[in-house]
Amino acid sequence: MNRKDLQLYFIMGTGNVVHQKPIQVLEKALQHGITMFQLREKGPCALTGQEYENFARHCQKLCQQYNVPFIINDDVELAVKLKADGIHIGQEDFPVSKIRKKIGKMILGVSVHSHAELETALQYGADYVGIGPIFATTSKSDAKTPSGTKFLQGLRIENPELPIVAIGGINCSNGQSVIDAGADGIAVISAICDSEDISQTIATFKSFFN
Ligand code: 3NM
């Protein structure tokens with residue numbers, strides 16, 4: 001994978017968007033320059049069955065139009081069926097050891113919270129790792145205690161070539177500190193989903209890389 005694709009990694013499911021149509025938020029985000037997209041359909045009102053698949057296909061089509069990698073959270077079967085560009089898994093979702101066989105050459109992202117988890121992820125072929133939550137977040141009900149940038153900073157020093165995306169409570173005010181700590185990029189849900197001006201929010205995020 002291209003490490004630069006991690007720079008502005010937008011994550012969304014239909015439950016993350018309140019006042020607009022989710023697909024319109026995605027399109028706006030693509031127009032203004034997100035570099036990667038993950039469909040993360042979770043929560044009590046999550047789409048299921050054919051409706052979920054149709055929504056996923058719609059998101060995928062838009063991402064293809066903008067030449068942005070389309071990643072699916074957790075759902076290996078759907079990722080394989082749709083020939084998504086990649087899959088992102090947490091530690092609890094699926095044994096990392098079994099996943100590469102199922103997905104072939106697809107991008108594999110794994111959330112890691114410790115050195116031991118990092119070793120396992122790398123052993124089984126993770127293409128990038130997600131580190132979080134860096135700051136407090138309300139977008140993930142079972143998020144761990146925020147780590148701040150310390151763990152991230154340490155990982156970067158020990159693994160200069162490792163593609164790392166940071167996640168959790170990242171916004172226009174604190175994002176620069178995350179990049180300065182060594183992340184290749186930032187992954188956000190609410191900073192874009194709740195933004196009143198997606199164009200301005202994305203422009204601010206992009207300025208962290210100048
Ligand atoms: N994963 P927001 S935190 C999906 O710590 C997710 O692995 C996390 O949402 C982790 O940008 C998180 O709104 C939620 O804080 C990120």
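Analyst: One term before we start: two residues are in contact if their C-beta atoms, placed from the backbone, lie within 7 Å. With that in mind, Ser 111 touches Gly 90, Gln 91, Gly 130 and Gly 132, leaving out residues up to four places away in sequence. Also keep in mind that this is a predicted model.

User: OK, predicted. What pLDDT does the chain average?

Analyst: The chain averages a pLDDT of 95, and 99% of the residues score at least 70. For the complex, the predictor gives an ipTM of 0.99 and a pTM of 0.97.

User: Back to Ser 111. Where is it found?

Analyst: Ser 111 is found in strand β5, which covers residues 107–112.

User: And is Ser 111 buried or exposed?

Analyst: Ser 111 is buried, because it has 23 C-beta neighbours inside 10 Å. The cut-off for buried is 20 or more.

User: Which residues does the UniProt "binding site" annotation cover?

Analyst: The UniProt annotation, from an unreviewed entry, covers Gln 38, Leu 39, Arg 40, Glu 41, Lys 42, Asn 73, Ser 111 and Lys 140.

User: Where is the place of Lys 140?

Analyst: Lys 140 sits in the loop between β6 (128–131) and α6 (150–158). Lys 140 has 17 other C-beta atoms within 10 Å, so it counts as partly exposed.

User: Now the ligand. Which residues come nearest?

Analyst: There are 17 residues around the ligand, and Gly 132, Thr 137, Ser 139, Ile 189 and Ser 190 come nearest.

User: What is the shell around the ligand like by class?

Analyst: The shell has eight nonpolar, eight polar and one charged residues.

User: What does Ala 143 touch?

Analyst: Not counting residues up to four places away in sequence, Ala 143 touches Pro 133, Thr 137 and Gly 168. Ala 143 also lies in the loop between β6 and α6. Ala 143 is partly exposed, because 15 other C-beta atoms lie within 10 Å.

User: How many residues apart in sequence are Ala 143 and Gly 132?

Analyst: Ala 143 and Gly 132 are eleven residues apart in sequence, and their C-alpha atoms are 8.3 Å apart in space.

User: Why is Lys 83 exposed?

Analyst: Lys 83 is exposed because it has 10 other C-beta atoms within 10 Å. The cut-off for exposed is 12 or fewer.

User: Now the inside. How many residues does the largest nonpolar core have?

Analyst: The largest nonpolar core has 58 residues, and those with the most contacts inside it are Phe 10, Phe 37, Val 165, Ala 166 and Ile 186. Strand β1, residues 8–12, gives the most to this core, with five residues.

User: Take Ile 186. What does it touch?

Analyst: Not counting residues up to four places away in sequence, Ile 186 touches Leu 8, Tyr 9, Val 165, Ala 166, Ile 170, Gly 175, Val 178 and Phe 205.

User: Last one: Gly 125. Where is its place?

Analyst: Gly 125 is in the loop between α5 (115–123) and β6. Gly 125 counts as partly exposed, because it has 15 C-beta neighbours inside 10 Å. Leaving out residues up to four places away in sequence, Gly 125 touches Arg 100 and Leu 108. Gly 125 and Ile 99 are 26 residues apart in sequence and 9.1 Å apart in space, C-alpha to C-alpha.

Methods
Residues are numbered from 1 along each chain as its sequence is written. This is a predicted model: local features need pLDDT of at least 70, side-chain atom pairs count only at pLDDT 80 or more; totals for chains, interfaces and linings use all residues. A residue is near a molecule or strand if its C-beta atom, placed from the backbone, lies within 6 Å of it. Ala, Val, Leu, Ile, Met, Phe, Trp, Tyr, Cys and Pro count as nonpolar, Asp, Glu, Lys and Arg as charged, and the others, Gly among them, as polar. pLDDT is the predictor's confidence in each residue, from 0 to 100. A nonpolar core is a set of buried Ala, Val, Leu, Ile, Met, Phe, Trp, Tyr and Cys residues joined through C-beta atoms within 7 Å. Helices (H or I, at least four residues) and strands (E, at least two) are DSSP runs, numbered from the N terminus. UniProt positions are given in the numbering used here, feature names are shortened, and annotations may be inferred rather than shown by experiment.
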